[in-house]
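Colleague: I have the model open. Can you walk me through the sheets and the helix packing?

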Amino acid sequence: MKTNLKNRNFIETADWSKEELESVLSAAENLKLHFGMKMPYKLLENKTLFMMFFEQSIQTCNSASAAMTQLGGHAHYYAPSRMETDHGQTPKDTGKILSRYGHGIAIKNCCYGVGNKYIKEVAHFSQIPVLNLQCDVDHPCQSTSDIMTIREKLGENLKGAKIAISWAYAKGIARPASVPQGLITLMPRFGLDVVIAHPKEFKLMPKTVETAQKFAKGQGTSFQTTDNMDDAFKDADIVYPYFWGCHEYLCEEGVAECD
């Protein structure tokens with residue numbers, strides 16, 4: 001594959017071509033093989049990754065930290081209490097300063113209407129790659145690992161296979177919609193027919209839905225939304241339940257900055 005991913009930001013999978021994403025999957029498969037066979041693969045030896053977490057996340061934080069360790073590098077963890085963002089440090093300052101010290105910046109900021117914009121602003125001023133560890137719009141690392149797992153189970157030719165993504169009630173905080181949004185914008189590009197089921201009030205961001213429709217049309221796959229779970233699950237090869245908050249409610253209440 002003739003792809004050059006050096007110094008590329010990874011903020012939304014929609015910004016990457018199918019060929020570039022295939023390169024990522026190929027590299028991931030190779031690294032997984034090395035890990036399973038206990039073969040050394042210290043491709044990031046003496047490299048530093050700065051991780052900024054505006055929300056707690058045991059899964060994302062530990063997976064990113066473990067990955068850097070296994071690749072021979074080191075990850076620095078920063079929670080809001082350890083950053084200066086709460087008293088004036090701008091995304092511009094952050095991008096410029098951290099670029100001087102390390103080799104990558106990874107950010108998790110899921111605040112509705114804010115997270116994606118913040119990450120992109122840091123990336124604009126950064127001289128090193130910026131990775132999105134989840135924002136309000138997309139969760140590219142998770143959706144990419146999901147498609148990798150699906151291909152391991154169902155094979156690389158997914159044409160005609162169906163994934164049903166369903167809103168599912170759960171106690172606790174209202175999670176961002178970036179997980180289902182990441183799925184609907186990535187899965188159609190790899191041949192999957194996508195159906196997303198949710199209560200009428202729990203719609204996804206309109207721009208993301210439009211992107212999913214565009215990718216489905218371009219790949220000859222289907223993308224549908226429904227408020228009927230039974231319809232979504234019919235003939236599904238994969239069922240993906242997830243709980244997310246109500247985007248429209250947050251916009252109406254002024255909790256989120258929405259376009």
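Modeller: This is a predicted model. A place to start is strand E1 (residues 48-53), which is joined to strand E3 (residues 104-109) by five bridges, the two running parallel.

Colleague: Which residue in E3 does Phe 50 stand opposite?

Modeller: Phe 50 has Ile 105 of E3 opposite.

Colleague: And what order do the strands of that open sheet have?

Modeller: The order is E2-E1-E3-E4, four strands in an open sheet with parallel pairing. Strand E2 (74-78) and strand E4 (130-135) are the edges, each pairing on one side only. On average, neighbouring strands there are turned by 15° against each other, ignoring direction.

Colleague: Which strands does H2 lie across?

Modeller: Helix H2 (residues 58-70) lies across E1, E2, E3 and E4. Relative to E1, H2 runs at about 175°.

Colleague: Switching to helices. At what angle do H3 and H4 pack?

Modeller: About 45°, for helix H3 (residues 91-101) against helix H4 (residues 115-125), and the axes are 7 Å apart. An angle under 35 degrees would count as roughly parallel and 65 to 115 as roughly perpendicular, so H3 and H4 are oblique to each other. The crossing of H3 past H4 is right-handed.

Colleague: Which residues in H3 and H4 meet?

Modeller: From H3, they are Pro 91, Lys 92, Thr 94, Gly 95, Lys 96 and Ser 99; from H4, Tyr 118, Glu 121, Val 122 and Phe 125. Sorted by class, that contact has four nonpolar, three polar and three charged residues.

Colleague: Where is Val 114 found?

Modeller: Val 114 is in the loop between E3 and H4.

Colleague: Why does Val 114 count as partly exposed?

Modeller: Because its relative accessibility is 26%, and the partly exposed class lies between the buried limit of 20% and the exposed limit of 50%. The C-alpha atom of Val 114 is also 7.4 Å from that of Asp 136, with the two 22 residues apart along the chain.

Colleague: Now the sheet with E5 in it. What is the strand order?

Modeller: E7-E6-E5-E8, an open sheet of four strands with parallel pairing. Its edge strands are strand E7 (223-226) and strand E8 (238-242), and each pairs on one side only.

Colleague: How many bridges join E5 to E8?

Modeller: Five, between strand E5 (residues 162-167) and E8, which run parallel. Ile 163 stands opposite Ile 238 in E8.

Colleague: And which strands does H6 lie across?

Modeller: Helix H6 (residues 178-186) lies across E5, strand E6 (193-197), E7 and E8, and runs at about 150° to E8.

How values were computed
Residues numbered from 1 in each chain as written. Predicted model: local features only at pLDDT ≥ 70, side-chain atom pairs only at ≥ 80, totals over all residues. Heavy atoms only, no water. Axes fitted to C-alpha atoms, helices over the stretch in contact; angles between N-to-C directions. Parallel < 35°, antiparallel > 145°, perpendicular 65-115°, else oblique. Left-handed = near helix turned anticlockwise from the far one by under 90°. Contact = heavy atoms within 4.5 Å. Nonpolar A, V, L, I, M, F, W, Y, C, P; charged D, E, K, R; others polar. Pairing = 2+ DSSP bridges. Buried < 20%, exposed > 50% of the residue type's maximum accessible area, 1.4 Å probe, protein only.
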